[in-house]
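These notebook entries record what I looked up in one structure.

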Amino acid sequence: MSDRDLNWKYAEDFAQETAAIASARQHSLEQGVEPVSPGVGAQLAVLAAAAGVRTIAEIGTGLGVSALWMLQGAPEATLTSIDSELDFQQTARHALGEAGHAPARTRLITGRALEVLPRMNDGAYDLVLVDADPGNVLAYAEHALRLARPGGIVAIPHALWRGRVADPAQRDATIGGFRDLLDTVRDSAVTASLGMPGDGLLQIVKRDADPAGAS
């Protein structure tokens with residue numbers, strides 16, 4: 001194992017999961033749903049805590065691993081999460097309740113994200129997580145930036161897609177979508193960072209609009 005791989009593994013192992021998160025992760029793996037890595041989850045908790053997050057939107061509920069991490073960082077926040085799989089959401093709802101998060105603060109919407117997202121309010125969320133169908137990542141990211149308030153955060157796990165985005169020989173549609181996303185973000189009026197937790201975590205801060213008439 002290379003020094004780089006050892007450092008990555010050490011950083012991932014550094015993140016300590018609660019019993020509730022570990023249980024949700026196990027259920028997720030049993031269902032064949034890939035949750036965010038512990039390193040990504042810990043980073044999401046830090047972002048939520050550091051930004052004083054009060055409102056969270058999540059595109060892709062899964063079985064609740066990401067939600068539990070974000071609410072660990074911002075336990076008083078309200079969560080709105082979208083997923084097309086009702087069974088997964090029911091398991092996630094149970095996990096959130098077992099972890100002590102009040103049902104009134106967790107709104108789980110069952111439906112296709114691209115049908116639900118246009119009905120959600122602009123600039124209403126402090127933190128938006130995109131972790132759903134990778135084939136639609138660019139469209140999801142556009143909605144996420146619309147939903148985030150000025151100064152809000154958009155987080156997109158798997159941004160290096162299993163280490164393949166950086167390999168120019170890899171050219172499938174999913175990899176192309178992530179490359180398009182990264183190129184778009186790099187050229188946009190946002191502040192962004194591509195970090196190494198998991199298989200890449202893209203973190204975007206939506207800038208305040210320039211004052212009218214500013215040069």
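**Entry 1**

I began with Glu34, which counts as partly exposed at 40% relative accessibility. I then looked up Arg162, which also counts as partly exposed, at 44%. I noted that the model is a predicted one. Glu34 and Arg162 form a salt bridge, and their closest N and O atoms lie 2.6 Å apart.

**Entry 2: Other salt bridges**

How many salt bridges does a search of the whole structure find? I recorded 9. Side chains of opposite charge can pair when their charged atoms come close.

I looked up the pair Arg146 and Asp122, whose side chains meet in a salt bridge at 2.5 Å, N to O. Arg146 belongs to helix α7, while Asp122 lies in the loop between α6 (113-116) and β4. These two residues are 24 residues apart, and the pair links distant parts of the chain. Arg146 is partly exposed, with a relative accessible area of 21%. Asp122 has 54% relative accessibility, so it counts as exposed, the cut-off being over 50%.

I also looked up Arg25, which forms a salt bridge with Glu17; the closest N and O atoms are 2.6 Å apart. Is Arg25 buried or exposed? Arg25 has a relative accessible area of 14% and is therefore buried, the cut-off being under 20%. Glu17, with a relative accessible area of 24%, is partly exposed.

**Entry 3: The sheet**

What is the order of the strands in the open sheet? I wrote down β3-β2-β1-β4-β5-β7-β6, an open sheet of 7 strands with mixed pairing. At its edges are β3 (106-110) and β6 (190-195), each of which pairs on one side only. On average, neighbouring strands of this sheet are turned by 15 degrees against each other, direction ignored.

I then examined one pairing. Strand β5 (residues 148-157) and strand β7 (residues 201-206) run antiparallel and are joined by 5 bridges. Within this region, Ile156 stands opposite Leu202 in β7.

**Entry 4: Helices on the sheet**

I looked up which strands helix α3 (residues 38-50) lies across, and found β4 (125-130), β5 and β7. Helix α3 runs at about 15 degrees to β7. Helix α7 (residues 137-147) packs on the sheet as well, touching β1 (55-59), β4, β5, β6 and β7. The direction of helix α7 makes about 155 degrees with that of β5.

**Entry 5: Thr55**

Where is Thr55 placed? I located Thr55 in strand β1. Leaving aside neighbours within four places in sequence, I listed the contacts of Thr55 as Ala77, Thr78, Ala124, Tyr125, Asp126 and Leu127. The side chain of Thr55 reaches the backbone oxygen of Ala124 at 3.2 Å. I also checked Leu181, 126 residues from Thr55 along the chain; the C-alpha atoms of these two residues are separated by 24 Å.

**Entry 6: Confidence**

I closed with the confidence values. The protein averages a pLDDT of 95, and 97% of the residues score at least 70. Where pLDDT is low, the predicted coordinates should not be read in detail.

Definitions and conventions
Residues numbered from 1 in each chain as written. Predicted model: local features only at pLDDT ≥ 70, side-chain atom pairs only at ≥ 80, totals over all residues. Heavy atoms only, no water. Pairing = 2+ DSSP bridges. Helix = DSSP H or I, 4+ residues; strand = E, 2+ residues; numbered from the N terminus. Axes fitted to C-alpha atoms, helices over the stretch in contact; angles between N-to-C directions. Contact = heavy atoms within 4.5 Å. Salt bridge = Lys/Arg side-chain N within 4 Å of Asp/Glu carboxyl O. Buried < 20%, exposed > 50% of the residue type's maximum accessible area, 1.4 Å probe, protein only. pLDDT = per-residue confidence, 0-100. Polar contact = N/O pair within 3.5 Å; in protein donor to acceptor, adjacent residues only side chain to side chain.
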